[in-house]
Each structure stands twice: as structure tokens, then as C-alpha cells.
Amino acid sequence: MRDIAEVPAVELITTVAVHLMSAAAVNLGLAEEGEDTLDLDEARKLISSLAGLITASLPYLGDHHARPLRDGLRSLQLAFREASSVPDPVGKGPGEDYTGPVF
């Protein structure tokens, strides 16, 4: 087990982002369990937190690390919109206050 002080910040940020993405995907019913785990309220919180983390971290991540995180976030935002029976207005979906509207 590595000492936390030895772990580069970019690695920690990326790891936390991947955990948030995974949890959001499960709550969107995208995991093997399917819609048994669907919980849009939890997914909204996770996606919004992920958007805040990625947005705040962009200056430190560089394009190599940021691009896949932004792509994953966008995919989750679109999946949320698709899973919602009453979609949020454009620009009001989870994390869109950080990322702008997602289409």
C-alpha cells in the first residue's frame, strides 16, 4: 500500500472521478443489474459532483487526462436525460451548471 503523500494529485483526481462515474452508471441502471439499481436522485448527485470535480480540476489534468473524463461525464449526463421520464430543461440537468447544456 502506497503512502497517500506519494500518489500524484492527477492520479487521485482521476481515481475519484472513475468511482463517481461508476456509481452514477449503476444508479442510472447501466450496470449488469439493470433497472433494479435505478435511482435518479442518487445519479443526479453523483453526476453533479463529478462535473464539479472535473471542472475544477481541468487546469491541472491536461488534455490527456481530462478528455476521457469529460467524455464520460457527457455520456452520463445524456444517459440521465434519457432515463428521466420528465427530462430537465436544457441547461438544468445534473452538472450542467458546471459544463453548460448537454445535447
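Which residues is Arg81 in contact with, leaving aside its neighbours within four places in sequence? The list is Pro87, Asp88, Pro89, Val90, Gly91, Glu96 and Val102. Here, contact means heavy atoms within 4.5 Å.

**Before we start**

What you're looking at is a predicted model, where local features need pLDDT of at least 70, side-chain atom pairs count only at pLDDT 80 or more, and totals for chains, interfaces and linings use all residues. Residues are numbered from 1 along each chain as its sequence is written, and side-chain values use heavy atoms, with hydrogens and water left out.

**The overall picture**

The protein has 3 helices and 0 strands, so reading from the N terminus the elements go α-α-α. Helices (H or I, at least four residues) and strands (E, at least two) are DSSP runs, numbered from the N terminus. The radius of gyration is 14 Å, close to the 13 Å that the globule rule gives for 103 residues, so the protein is as compact as a globular protein of that length. That radius is taken over C-alpha atoms, and the rule is 2.2 Å times the number of residues to the power 0.38. Along its principal axes, the C-alpha trace spans about 45 × 30 × 20 Å.

How much of the protein is buried? Buried residues make up 35% of the 103 residues. Buried means under 20% relative accessible area, exposed means over 50%, and partly exposed is in between (1.4 Å probe, protein chains only). The protein exposes about 6400 Å², and carbon and sulfur atoms supply 57% of that area. Accessible areas come from the Shrake-Rupley method with a 1.4 Å probe; for residues, only the protein chains shown count as cover.

Now for contacts along the chain. Among those between residues at least 6 apart in sequence, 52% join residues at least 24 apart.

**Charges and salt bridges**

The protein has 8 positive and 16 negative charges, and their mean positions are 9 Å apart. In this count Lys and Arg are positive and Asp and Glu negative, while His and the chain ends are not counted. Each charge is placed at NZ of Lys, CZ of Arg, CG of Asp or CD of Glu.

The structure holds 6 salt bridges. A salt bridge is a side-chain nitrogen of Lys or Arg within 4 Å of a carboxyl oxygen of Asp or Glu. Among them are these:

| Pair | N to O distance |
|---|---|
| Asp63 and Arg67 | 2.5 Å |
| Asp63 and Arg70 | 3.6 Å |
| Arg81 and Glu96 | 2.9 Å |

Start with Asp63, which has salt bridges to Arg67 and to Arg70. Asp63 and Arg67 are 4 residues apart in helix α2 (residues 40-83), so about one helical turn separates them. Asp63 is partly exposed, with a relative accessible area of 41%. Arg67 is partly exposed too, at 44%, and Arg70 is partly exposed at 36%.

Back to Arg81, then. Its side chain meets that of Glu96 in a salt bridge. This pair links distant parts of the chain, with Arg81 in helix α2 and Glu96 in helix α3 (residues 96-99), 15 residues apart. Are these two buried or exposed? Arg81 is buried, and so is Glu96. Elsewhere, salt bridges that share partners join Asp41, Glu42 and Lys45 into one network.

Leu40 is found in helix α2 and is partly exposed, with a relative accessible area of 25%. Leaving aside neighbours within four places in sequence, Leu40 is in contact with Asn27, Leu28, Phe80, Ala83 and Ser84. The C-alpha atoms of Leu40 and Met21 are separated by 14 Å, and the two residues are 19 apart along the chain.

Over in helix α1 (residues 9-27) you'll find Ser22, partly exposed at 40% relative accessible area. Ser22 and Leu76 are 54 residues apart in sequence and 9.8 Å apart in space, C-alpha to C-alpha.

Leu12 is also found in helix α1. Leu12 is partly exposed, with a relative accessible area of 33%. Apart from neighbours within four places in sequence, Leu12 is in contact with Ile4 and Val7. From Leu12 to Arg81 the C-alpha distance is 29 Å, and the two are 69 residues apart in sequence.
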